[in-house]
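Subject: A structure for you to look at

Hi,

Here is the structure I promised to pass along. Please have a look at it first, and then read on for what turned up.

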Amino acid sequence: MTASAKRHATPPVAANDRSGFIASPRIKLYKRRIAIDHPDPQAGERLLADALGAVDRDALHGILKQLVKASAIGHKPDEANLAFMISTMKSIAPRGSIESMLAAQMVCVHMAAMRSACRLACTDDLPQQESITRALSRLARTFAAQIEALGRHRSGDERAITVKNLSVQEGGKAIVGHVTQHASVIVAEAGMTDPFPNAQTMAPQECRCSDDRPGAARGGIA
């Protein structure tokens, strides 16, 4: 009888382990206060501030209090939910106050969507199912819009415009090179050459009707 070789399964956390990974300090919830669970309170605040994108101590404690309220289950804040929310915000890596607030809203909307999904799975009442489904759909659309808003904010709302076909009629000019287009002005980069150096430009002409041409009798037909 041959003994089969033992397989050593790699735990999922170890398989996805990242070098230099530093876990954010956990938050301990007490009846009248919250505390950062870290041997060095100041170092713990700095780590959490970096994770949540807080610019100073006031911003850090403000966003923490809001997350604590949003983590509540049955009107009572939950440490496990709070740890998940902080970890998710850290993975979004907010940069600055706007991204920090938006990331916090994204996490809260996700939590609300999951709670709605739980309620939907636990009810057999058709009117309740329809109501919860509508709420879940709105939350899902809101979350998708928040992702798009975060992407636009990080990219500076820049939208590239690519021109594939170019038609230049007689008397016109074309620019070869990159063109930056804004709302009401087009600016060409310096050093660009004109591909039609001998083309004549068409000066704007005054618009005349048939009765205003030279030799036409006024008030009648020439």
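To begin with the surface: the protein has an accessible area of about 17,500 Å², and carbon and sulfur atoms account for 54% of it. Please keep in mind that this is a predicted model. Of the 222 residues, 19% are buried.

As for the fold, the protein contains six helices and four strands. Going along the sequence, they follow the order α-β-β-α-α-α-α-α-β-β. If you count contacts between residues at least 6 apart in sequence, 44% of them link residues at least 24 apart.

Helix H2 (residues 41–52) and helix H4 (residues 79–92) have axes that come within 7 Å and cross at roughly 60°. On the H2 side, the contact is made by Leu48, Ala51 and Leu52, and on the H4 side by Ile86, Met89 and Lys90. Sorted by class, that contact has five nonpolar residues, one charged residue and no polar ones.

Now for the charged pairs. The structure holds five salt bridges, and I will go through some of them here.

Lys28 is partly exposed, at 32% relative accessibility. Glu79 is partly exposed too, with a relative accessible area of 28%.

A second salt bridge joins the side chains of Glu99 and Arg95, at 3.7 Å from N to O. Which of these two is buried, and which exposed? Glu99 is buried, with a relative accessible area of 4%, whereas Arg95 counts as exposed at 55%.

Another salt bridge is found between Glu148 and Arg152, where the N to O distance is 3.3 Å. Both residues belong to helix H6 (residues 126–155) and are four residues apart, about one turn of the helix. Arg152 is partly exposed, at 36% relative accessibility. There is also a network: Arg95, Glu99 and Arg154 are joined by salt bridges that share partners.

Best wishes

Technical notes
Residues numbered from 1 in each chain as written. Predicted model: local features only at pLDDT ≥ 70, side-chain atom pairs only at ≥ 80, totals over all residues. Heavy atoms only, no water. Axes fitted to C-alpha atoms, helices over the stretch in contact; angles between N-to-C directions. Helix = DSSP H or I, 4+ residues; strand = E, 2+ residues; numbered from the N terminus. Contact = heavy atoms within 4.5 Å. Nonpolar A, V, L, I, M, F, W, Y, C, P; charged D, E, K, R; others polar. Buried < 20%, exposed > 50% of the residue type's maximum accessible area, 1.4 Å probe, protein only. Areas by Shrake-Rupley, 256 points an atom, 1.4 Å probe, with all protein chains shown as cover. Salt bridge = Lys/Arg side-chain N within 4 Å of Asp/Glu carboxyl O.
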